[in-house]
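The tour moves from stop to stop; at each one, select, look, move on.

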Amino acid sequence: MKNNSAAIFIPARLNSSRFPRKVLEPINGKPLIIHVLERAKKLNLCECYVACCCDEIKEVVENYGGKAILTDPDLPSGTDRIFTALETLNQKPQYIINLQGDNPIFEESIPEKLLDVLINNPKVDMATPVVRHDSLESFGYDHLVKVIFNGMEANIPGKAIYFSRSSIPNGAEFFYSHIGIYAYRYEALKKFVDLPQSFLEKTERLEQLRLIEADMNVWAVPVEGITLSVDVREDLKAVYEALGIQK
């Protein structure tokens, strides 16, 4: 049954520097953004919208029966794009789930888990998933955003202390990496986009640090399962394999 107090927004833009036009890249006959949208709609959790930068993406989404909202192509981030699209709705949802437009494979339980954290913990402003790694083989990889949070030893949701591309915590026997999916309260999202970029956000190139520096309550939620995003063209290989597509 759909939750009328929540909505999923998927930001989508064409001008990705590392993989131009990737959201329209065909995968087994369907654009990447449609794979994300269809997976989101399959959850039957709440209404789904694509917050897009241009008419080309909007037309593709609508041709596949989706809902698309056109936004300024020059907006600085996907979060700003989502909030701009959200403000066009007559009735604002209380909870907003941000799924990335280049994230065609994600564990289907994640959005509901994040939503449950917000509903059951009224003081939480934002919830985001993390994955535990018991091997340190990839600990130093910059593309893996590491997070430390209350509850990490017990593998339970808790308040995030810090996000970094560096290897944290130092001396650990395990670590947690961050997945770029978010659930916000409407009021928290509004506050977030009104805040200037923070020092740590600009230093680490991680916008979630803006909330932490503003003393907002961000929770990390441990999850399991495979989540795949497409940052560069080479990432498509893993997506094809996960979808069982011969390429």
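Which residue lies over the face of Phe174? Select Arg132: Arg132 sits over that face, at 3.8 Å from the ring centre. For a charge to count as over a ring, NZ of Lys or CZ of Arg must be within 6 Å of the ring centre and within 35 degrees of the ring normal.

Some ground rules. This is a predicted model, in which local features need pLDDT of at least 70 and side-chain atom pairs count only at pLDDT 80 or more, while totals for chains, interfaces and linings use all residues. Residues are numbered from 1 along each chain as its sequence is written, and side-chain values use heavy atoms, with hydrogens and water left out.

**Stop 1: the ring cluster**

Ring pairs link Phe149, Phe174 and Tyr176 into a cluster. Rings of Phe, Tyr and Trp (its six-membered ring) pair if their centres lie within 6.5 Å; planes under 30 degrees apart count as stacked, over 60 as edge-to-face and the rest as tilted. The whole structure has 7 aromatic pairs. One of them joins Phe149 and Tyr176, edge-to-face, at 4.9 Å centre to centre and 75 degrees between the planes. This pair links distant parts of the chain: Phe149 belongs to strand E8 (residues 146–149) and Tyr176 to strand E10 (residues 175–178), 27 residues apart. Helices (H or I, at least four residues) and strands (E, at least two) are DSSP runs, numbered from the N terminus.

Are these two residues buried or exposed? Phe149 is buried, at a relative accessible area of 3%. Tyr176 is buried too, at 0%. Buried means under 20% relative accessible area, exposed over 50%, and partly exposed in between (1.4 Å probe, protein chains only).

**Stop 2: helix H5**

Select residues 186–194. The buried residues of H5 are Tyr186, Ala188, Leu189, Phe192 and Val193. They lie on the same side of H5, because they cover an arc of only 160 degrees around the axis. The arc is that of the directions from the helix axis to the C-beta atoms. Glu187 and Asp194 are exposed on the other side.

Now show what covers the buried residues. The cover includes helix H3 (78–86), strand E6 (95–98), strand E11 (182–185) and helix H7 (208–213). Zoom in on Phe192: Arg210 lies over the face of this ring, at 4.4 Å from the ring centre.

**Stop 3: Leu206 and Glu201**

Go to the loop between helix H6 (199–204) and H7 and pick Leu206. Leu206 is buried, with a relative accessible area of 5%. Beyond its neighbours within four places in sequence, Leu206 contacts Val145, Phe163, Ser164, Arg165 and Glu201. Contact means heavy atoms within 4.5 Å.

Glu201 counts as buried, at 4% relative accessibility. Not counting residues up to four places away, Glu201 touches Pro196, Leu206, Glu207, Leu209, Arg210 and Glu213.

**Stop 4: helices H1 and H2**

Select residues 32–42. In H1, Leu32, Ile33, Ile34, His35, Val36, Leu37 and Ala40 are buried. They pack against partners including strand E1 (6–12), strand E4 (47–52), helix H2 (55–63) and helix H8 (236–243). After H1 comes Asn44, with a positive phi near 55 degrees.

Step across to H2. Which residues of H2 are buried? Ile57, Val60 and Val61 are. Their arc around the axis is only 95 degrees, which puts them on the same side of H2. Asp55 and Asn63 are exposed on the face turned away.

Centre on Ile57, which is buried at 0% relative accessibility. Leaving aside neighbours within four places, Ile57 is in contact with Ala12, Arg13, Leu14, Val23, Leu24, Val50 and Cys52. Just after H2, Gly65 takes a positive phi of about 85 degrees.

**Stop 5: a pocket**

Select Lys2, Asn3, Asn4, Ala6, Ala7, Glu47, Tyr49, Leu89, Gln91, Lys92 and Pro93, which line the second largest pocket. The space in this pocket is about 170 Å³. E1 and E4 are the elements that give two or more residues to the lining. On a 1 Å grid over the protein atoms alone, a pocket is an open set of points where a 1.4 Å probe fits, with protein on both sides within 12 Å along at least five of seven lines; lining residues have an atom within 4 Å of a point. The volume is the space filled by probe spheres set on the points, which are joined across faces, edges and corners.
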